[in-house]
Amino acid sequence: MTSMTSMTSADSSFPETTATGAPRPGGPGLLAGRTVSRIGYGAMQLERLHGDRGAAVELLRRAVELGIDHIDTAQFYGDGLVNGLIREAIRPRDGVRVVSKVGAAPNPGGPIPLRPAQRPEQLRASVEDNLASLAVEQIPLVNLRRLDTGPGLRAEGDQVVDIDDQLAVMTALRDEGKIGAIGLSSVTLDGLRRALPAGIACVQNAYSLVTRTDEDMLALCRSEGIAWVPYFPLGSSFPTMPKVTDEPAVRAAAQSLGRTPAQVGLAWLLHHAPNVLLIPGTANPEHLRANVAAGTIVLDDATLAALDAVPTRSADVALG
Ligand SMILES: NC(=O)c1ccc[n+]([C@@H]2O[C@H](COP(=O)([O-])OP(=O)(O)OC[C@H]3O[C@@H](n4cnc5c(N)ncnc54)[C@H](OP(=O)(O)O)[C@@H]3O)[C@@H](O)[C@H]2O)c1
């Protein structure tokens, strides 16, 4: 398997264990100049546990015990619910990088529970909301969620904002110390190229074994030392998105390896490029354990070739 240790690092020691002493699932990776486990956790699915706070907090504690020290969140996940759960479950001594995003606001009851919030003043307000709900003085990395590509929302009217105007407020927030680094999400290759001078630490686009239209962007990120943190790494919980676990080549590999199709899909991502960091989402403790265990899977050349040959589909689908 390729390793992040070939990449340049501000944190050259690449600790093999997390702050809590757990081995790193998937090995060590780099995010905004710091070492994190390559298998992290996307917290969006915790919205589904809104009726059982105890189960959600327990799942987050279990993630830390399993060696996860990179959690993806947003103020707009459950209108502060998910950030509140993270605040309750995660302690400073856990050494977890809690990464957030701005560019949308809650839209309860909508087909997609989000609406655009792209204006510079909305981006600043959202960072402030994240700081308050997470009860921290700095968020180590904040993704600017553009609406240029990928599934779901598109900007209209005054929500169509030039990326340079958005980067101006993001860099000001970084200068003020409110955010540690800037990432981009749902961005095009041109948009990323324009943003590079601002210093981009991470890109989050929809990407998985079955939706790989962004290979050029992944390659640019790799050459620039930018982490590639795909969202919907399994194809999401939305029924309209192609599912990694439905793919016959994935199912065949899973059967011959004695693993699950989801684990094979995650293992393929880890093998595909060294700058890939994973944030699969789950509300199920058994799936969390399985996703972490995917870091131990070694795919041989024949299996990798079979998975690489899976035809790609666009991730730009309606979610509602
Ligand atoms: N930047 C952005 O704009 C953006 C957009 C969307 C999401 N995100 C982030 O990306 C993260 C990942 O995306 P996602 O959660 O939407 O989609 P995902 O990780 O592709 O898939 C989640 C779905 O897969 C299921 N699942 C997870 N592990 C499984 C396993 N081992 N076996 C079988 N099924 C499994 C989950 O159900 P169970 O709960 O039953 O396991 C859930 O239905 C989110 O949590 C969020 O933090 C970012």
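In what order do the seven strands of the open sheet run, and with what pairing? The order is E3-E4-E5-E8-E9-E10-E11, and the pairing is parallel. The model is predicted.

**Sheet and helix**

- Strand E3 (41-42) and strand E11 (227-228) form the edges of the sheet, each pairing on one side only.
- Helix H4, made up of residues 163-175, packs on the sheet.
- The strands touched by helix H4 are strand E5 (97-102), strand E8 (142-145), E9 and E10.
- The direction of helix H4 makes about 150° with that of E9.
- Four bridges join strand E9 (residues 182-185) to strand E10 (residues 200-204), and the two pair in the parallel sense.
- Within this pairing, glycine 183 has cysteine 202 in E10 as its bridge partner.

**Ligand surroundings**

- There are 27 residues around the ligand, and those that come nearest are Asp72, Gln204, Thr282, His287 and Asn291.
- The side chain of aspartate 72 places an N or O atom 2.6 Å from an oxygen atom of the ligand.
- For arginine 145, the distance from a side-chain N or O atom to an oxygen atom of the ligand is 2.8 Å.
- Leucine 234 takes part through its backbone: one of its backbone N or O atoms lies 2.8 Å from an oxygen atom of the ligand.
- On its own the ligand has 900 Å² of accessible area, of which the protein covers 89%.

**Residues with positive phi**

- Alanine 32 is not a glycine, yet its phi is positive, at about 50°.
- The loop that holds alanine 32 runs between strand E1 (28-31) and strand E2 (34-37).
- Serine 236 sits in the loop between E11 and helix H7 (248-257).
- Is serine 236 buried or exposed? Its relative accessibility is 18%, so serine 236 counts as buried, the cut-off for that class being under 20%.

How values were computed
Residues are numbered from 1 along each chain as its sequence is written. This is a predicted model: local features need pLDDT of at least 70, side-chain atom pairs count only at pLDDT 80 or more; totals for chains, interfaces and linings use all residues. Side-chain values use heavy atoms; hydrogens and water are left out. Two strands pair if DSSP finds at least two bridges between them. Contact means heavy atoms within 4.5 Å. Axes are lines fitted to C-alpha atoms, for helices over the stretch in contact, and angles run from 0 to 180 degrees between N-to-C directions. A residue is near a molecule or strand if one of its heavy atoms lies within 4 Å of it. A polar contact is a pair of N or O atoms within 3.5 Å; within protein, one must be able to donate a hydrogen and the other to accept it, and residues adjacent in sequence count only if both atoms are side-chain atoms. Accessible areas come from the Shrake-Rupley method with a 1.4 Å probe; for residues, only the protein chains shown count as cover. Buried means under 20% relative accessible area, exposed over 50%, partly exposed in between (1.4 Å probe, protein chains only).
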